[in-house]
Amino acid sequence: MSSTDKEAFLGVYKEIQSEIIADIQNLPALSDNVKKQLIDYYSVCLPYTVPGGKMTRGLTVIKGVEVLKQRALTEGEFKDAAILGWQVEWLQAFFLVADDIMDASITRRGSPCWYKCPNVTQDNAINDALILENMIYQTLRRHFKKHPSYVQILELFIDTTFQTEVGQHIDTNGTPYADGTRAPLDLTRFTLDRYQGCVR
């Protein structure tokens with residue numbers, strides 16, 4: 001199996017989604033009715049927000065493993081690499097759902113932003129971004145808890161999230177706020193230093 005096998009990669013996504021939906025089904029102290037509402041909602045949210053792009057980030061993880069091993073991957077190696085790749089895609093989905101709200105964006109990938117979808121609302125979408133992030137750690141624990149690099153994998157996701165969120169703060173505050181309202185555009189604030197802080 002190889003990093004060019006998008007169908008196999010998408011198949012792993014479907015397995016991860018099924019596992020997460022099962023986690024919701026197994027939540028304690030919730031009625032069947034509430035569980036059904038959650039499952040119906042996240043059965044729409046996940047495929048809408050996570051796998052809709054080119055999947056370059058996730059497929060690059062598989063390619064990286066191929067390069068390190070200098071050979072084609074076994075089925076098990078491909079699946080582990082694909083699961084990690086999907087966590088990178090999940091992280092990007094978490095960032096994009098939140099970023100669209102912060103930027104008041106209208107569309108994403110040619111469709112309405114998640115928070116703009118009927119029956120979602122901005123309040124739900126903020127919570128959905130947080131849940132998307134949590135799902136990463138649920139999946140990493142499920143599949144890699146006994147892996148010798150588990151702690152390093154967690155630390156990589158934690159550090160990447162922190163660096164990205166600092167960059168988001170620098171980006172969002174490119175124009176300052178006063179009394180809850182964004183100030184008029186001031187191009188003098190768009191410096192190389194601020195740009196480098198966003199992209200590092």
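Student: Where is Ala29 found?

Tutor: Ala29 is found in the loop between H1 and H2; helices here are DSSP runs of H or I with at least four residues, strands are E runs of at least two, and both are numbered from the N terminus. Keep in mind that this is a predicted model, in which local features need pLDDT of at least 70, side-chain atom pairs count only at pLDDT 80 or more, and totals for chains, interfaces and linings use all residues. Residues are numbered from 1 along each chain as its sequence is written, and side-chain values use heavy atoms, with hydrogens and water left out.

Student: Why is Ala29 called exposed?

Tutor: The label exposed needs over 50% relative accessible area, buried means under 20%, and partly exposed is in between (1.4 Å probe, protein chains only). Ala29 has 83%, so Ala29 is exposed. Ala29 also has a positive phi of about 65° although it is not a glycine.

Student: What makes Thr121 partly exposed?

Tutor: Its relative accessible area is 42%, so Thr121 counts as partly exposed. Thr121 is found in helix H5 and has a positive phi of about 75°, again without being a glycine.

Student: And why is Asn127 called partly exposed?

Tutor: Asn127 has a relative accessible area of 38%, so the label is partly exposed. Asn127 has its place in helix H5. From C-alpha to C-alpha, Asn127 and Val97 are 9.9 Å apart in space, and they are 30 residues apart in sequence.

Student: How do you know that the length of H2 agrees with its residue count?

Tutor: The expected span is 1.5 Å times one less than the number of residues. For the 18 residues of H2 that should be 26 Å, and the end C-alpha atoms are 25 Å apart, so the two agree.

Student: Which residues of H2 are buried, and what do they pack against?

Tutor: The buried ones are Lys35, Ile39, Tyr42, Cys45, Leu46 and Thr49. They pack against H1, H4 and H5, where contact means heavy atoms within 4.5 Å. A helix has 3.6 residues a turn, so residues three or four places apart point the same way.

Student: What makes a set of residues a nonpolar core?

Tutor: The members must be buried Ala, Val, Leu, Ile, Met, Phe, Trp, Tyr and Cys residues, joined through side-chain atoms within 4.5 Å. The largest one here has 46 residues, and Ile62, Trp86, Trp90, Leu132 and Leu140 touch the most other members. Helices H1, H2, H3, H4, H5 and H6 each give two or more residues to this core, and H4 gives the most, with 13. Leaving out residues up to four places away in sequence, Trp90 touches Tyr13, Ile16, Ile20, Leu46, Val50, Leu132, Met135 and Ile136.

Student: How is the packing of H3 and H4 described?

Tutor: They pack at an angle of about 145°, with axes 7 Å apart. Axes are lines fitted to C-alpha atoms, for helices over the stretch in contact, and angles run from 0 to 180 degrees between N-to-C directions. Among the residues making the contact are Val61 and Ile62 of H3 and Ala81 and Gly85 of H4.

Student: How much of the protein chain is buried?

Tutor: Of its 200 residues, 36% count as buried. The chain has seven helices and four strands.
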